[in-house]
2 protein chains.
Amino acid sequence: MKRGRPDIVHFCMLEALGSPLNRAGLLELYVHTIGDYVVFVDPSTRLPRNYNRFVGLMEQLFSEGAVPPGAEKPLMWLRPMRLELLVRRLRVERVLLLSERGERRRLRDIASLAAEEPGSTAVLVGAFPHGDFSDEVYRLATHVYSFYPQSLDAWVVVSHFLALAADAMGVV
Amino acid sequence: MKRGRPDIVHFCMLEALGSPLNRAGLLELYVHTIGDYVVFVDPSTRLPRNYNRFVGLMEQLFSEGAVPPGAEKPLMWLRPMRLELLVRRLRVERVLLLSERGERRRLRDIASLAAEEPGSTAVLVGAFPHGDFSDEVYRLATHVYSFYPQSLDAWVVVSHFLALAADAMGVV
């Protein structure tokens, strides 16, 4: 239910890395995968637009631990890490989980929370095709919100959140 | 300069068709192609997420004129049509062109223009890798705006505009 769709991660990463918020240096992007790995991503990374080349790059990342392999400053690198440890290391005050099961709020209000104190908020979006977050993820969240009454594609959630956050921070 | 990158169109269409604004029935999507064809898209269309299947679908669209071929209500259909004629048929009052060369405005202000009178505004986004719009496109535009000082990926422009328009219309 939560694997086998790297296309979802591809679209989400393209939206995040190409967003004005990231361009303005106001975004950190992490990908937590099944099997408890975390992909660390340099914000200047230009991902392949071509899906097959993206999959090749991720395969290299998982076999070599970093891409490009052996680079002093890699664009992406991999660590075995539970989501809980990642979130603890980020030292944020708020962990917002975007979930259909969450409390309904205007997206601008959710985004404003993140914009208020940049650096103090983590936002979790599920980039898997079916199923719900694990209990562990719900326990990590300080707030669980929903901004639309139907389920949305993960990349639409990412892009719409980043757009409203960029608006709240005056970036666009 | 303006062809050979169906991946750009693929991402833009996925963002548009999956957007809350489209789900709420407030969006019409058209794709004008090199060679002066217009792709008409039923708003309920669920595009293939897989790039290779998307390309196959577009090939079928160009060879058969519609997909699925022979359907009474196709999901997408093709007409030879200049952009000017398409825009004239939409009977809109405003044609907003999003271009790096445009006048710098806050995105929320551009989106509010479109939200003020739904149905009276067309928004043009370039989904090609390099080069500028033709003079014909600039002549069609009633307003030319830019909301970020650097060039952005087309799908980021689409998603961010739709997010702020959805916000302005109270959809998210």
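**Entry 1: what I'm looking at.** I kept in mind that this is a predicted model. I started by counting elements, and chain A has 7 helices and 7 strands. Next I read their order along the sequence: α-α-β-β-α-β-β-α-β-α-β-α-β-α. I then checked the radius of gyration of chain A, which is 16 Å; the globule rule gives 16 Å for 172 residues, so chain A is as compact as a globular protein of that length.

**Entry 2: box and packing.** I looked up the box that the C-alpha atoms of chain A fill, and along the principal axes it is roughly 45 × 35 × 30 Å. For burial, I found that 34% of the 172 residues of chain A count as buried. I also wanted to know how far apart in sequence the contacting residues sit. Among contacts in chain A with a separation of 6 or more, 74% are between residues 24 or more positions apart.

**Entry 3: where chain A meets chain B.** I turned to the contact between the chains, which takes 27 residues from chain A and 27 residues from chain B. Which helices of chain A each supply at least two residues to the side that touches chain B? I noted helix 1 (6–17), helix 2 (20–23), helix 5 (107–116) and helix 7 (154–168). Helix 7 of chain A gives the largest share of that side, 7 residues. Last, I sorted the residues on the side of chain A that touches chain B by type: 13 are nonpolar, 6 polar and 8 charged.

Notes. Residues are numbered from 1 along each chain as its sequence is written. Chains are lettered from A and ligands numbered from 1 in the order in which they are written. This is a predicted model: local features need pLDDT of at least 70, side-chain atom pairs count only at pLDDT 80 or more; totals for chains, interfaces and linings use all residues. Helices (H or I, at least four residues) and strands (E, at least two) are DSSP runs, numbered from the N terminus. The radius of gyration is taken over C-alpha atoms; the globule rule is 2.2 Å times the number of residues to the power 0.38. A residue is buried if 20 or more other C-beta atoms lie within 10 Å of its own, exposed if 12 or fewer, and partly exposed in between; C-beta atoms are placed from the backbone. Two residues are in contact if their C-beta atoms, placed from the backbone, lie within 7 Å. Ala, Val, Leu, Ile, Met, Phe, Trp, Tyr, Cys and Pro count as nonpolar, Asp, Glu, Lys and Arg as charged, and the others, Gly among them, as polar.
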